[in-house]
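User: I am new to this structure and would like to learn how its features are read, one after another. Could you give me the general idea each time and then show me the case here?

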Amino acid sequence: MTSMTDGYFDNLIKRLTALKTDISAQMEAAAIAVTAAARSDNRVYIFGTGHSHVMAEEMHYRAGGLAITVPILAAPIMLHEGAIAGTAYERTEGIVAPIMDRYNIRPGDVLFVISNSGVNAAPLEAARIGREIGCTVICITSVAYSTASAAGRQRLADLADIVLDNGSPPGDAVMAVAGSELKVGPVSTAIGVTILNAIFVDVAARLAADGDAPIYLSANMPGAKEINRKLVERFRPRNPHL
């Protein structure tokens, strides 16, 4: 490795190691909430805009993932149809309600809302809607970044039942570059995906103890077609992305 790649690995590993203890209680609370929802045949919705939407896709129809998860996806607030427009949309009030109407979210469901900066209009609107419906709202956000950016505004962390602070710095990037005043190497996506998968492996263990852990198998593994077909038939009625 070069000193830069080595430095990025070291920085990220240090942050992940710290989170194992810093948010241990919050991750366990999230796992308990998700498990309770699954045992009641409720669903776990995951919402994010911009790069945060990647975490919703990470948990969707994923080898080793749970079929109880439902991504909330809408092209205008993602990146592939126009990143500049997407950035404008995620700062616009009122665009989330018609998106979430598609999903038949119910009381007792869990709603993860992911936003690193934690102050944009769309993720805050999603959290408010989740609370109004009667969901347990769990956020993954940078408390340091959102506090620095809020300037008196409400933060996503103020709206969630469970706050998972990803510990990323304001601006997200962690590596200084010689000859530039700007940093590179964002960490929030890698940390966010790790937090989510850590929670869901805990949930899977709890559900497996009940004898009913709906786990997808990688499509090229023996038996995957039959296992995944049964899960899709069971969970498709409340997941429009299956």
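Analyst: Let us begin with strand pairing: two strands count as paired if DSSP finds at least two bridges between them. The model is a predicted one, and in it β3 and β4 pair in the parallel sense over five bridges. Within that pairing, V110 stands opposite T136 in β4.

User: Which strand does β1 join, and over how many bridges?

Analyst: Strand β1, residues 44–48, is joined to strand β3, residues 110–114, by five bridges, and the two run parallel.

User: What is the order of the strands in the open sheet?

Analyst: The open sheet has five strands in the order β2-β1-β3-β4-β5, and the pairing is parallel. Its edge strands are β2 (69–72) and β5 (162–165), each of which pairs on one side only. From one strand to the next, the twist averages 20°.

User: Which strands does α2 lie across?

Analyst: Helix α2 lies across β1, β3, β4 (136–141) and β5, and it runs at about 130° to β5. As for β4, five of its six residues are buried, so this strand is largely enclosed by the rest of the structure.

User: Where is an antiparallel pairing to be found?

Analyst: Strand β6 (residues 173–176) and strand β7 (residues 183–186) pair in the antiparallel sense over three bridges.

User: How should I read the nonpolar core, and which residues touch the most other members?

Analyst: The general idea is that in soluble globular proteins, nonpolar side chains tend to be buried together. In this model the largest nonpolar core has 68 residues, of which F47, I72, F112, L164, I195, I199 and F200 touch the most other members. The largest share of this core comes from α8, which gives nine residues.

User: What is I72 in contact with, leaving aside its neighbours within four places in sequence?

Analyst: With those neighbours set aside, the contacts of I72 include Y45, I46, F47, A56 and I99, and also M100, Y103, I105 and L111.

User: How many salt bridges does the structure hold?

Analyst: To read one, look for a side-chain nitrogen of Lys or Arg within 4 Å of a carboxyl oxygen of Asp or Glu. The structure holds twelve salt bridges. In one of them the side chains of R39 and D210 meet, at 2.6 Å from N to O. This pair links distant parts of the chain, with R39 in helix α2 (residues 24–39) and D210 in helix α8 (residues 188–210), 171 residues apart. R39 is exposed, with a relative accessible area of 52%, whereas D210 is partly exposed at 45%.

User: In the salt bridge between E58 and R62, how far is N from O? And is E58 buried or exposed?

Analyst: The side chains of E58 and R62 meet at 3.2 Å, N to O. E58 is buried, because its relative accessible area of 18% falls under the cut-off of 20%, while R62 is partly exposed at 37%.

User: What does the salt bridge between D212 and R234 tie together?

Analyst: The closest N and O atoms of D212 and R234 are 3.0 Å apart. D212 lies in the loop between α8 and α9 (224–235) and R234 lies in helix α9, so the pair ties together parts that are 22 residues apart in sequence. D212 is partly exposed at 36% relative accessibility, and R234 is partly exposed at 39%. Salt bridges that share partners also join E226, R229, K230 and E233 into one network.

User: How many disulfides does the structure hold?

Analyst: A disulfide needs two cysteine sulfur atoms within 2.5 Å, and the structure holds zero disulfides. The cysteine sulfur closest to that of C135 is in C139, and because the distance is 14 Å, the two are too far apart for a bond. C135 is buried at 7% relative accessibility, and C139 is buried at 0%.

Note on methods:
Residues numbered from 1 in each chain as written. Predicted model: local features only at pLDDT ≥ 70, side-chain atom pairs only at ≥ 80, totals over all residues. Heavy atoms only, no water. Helix = DSSP H or I, 4+ residues; strand = E, 2+ residues; numbered from the N terminus. Buried < 20%, exposed > 50% of the residue type's maximum accessible area, 1.4 Å probe, protein only. Core = buried A, V, L, I, M, F, W, Y, C linked by side-chain atoms within 4.5 Å. Contact = heavy atoms within 4.5 Å. Axes fitted to C-alpha atoms, helices over the stretch in contact; angles between N-to-C directions.
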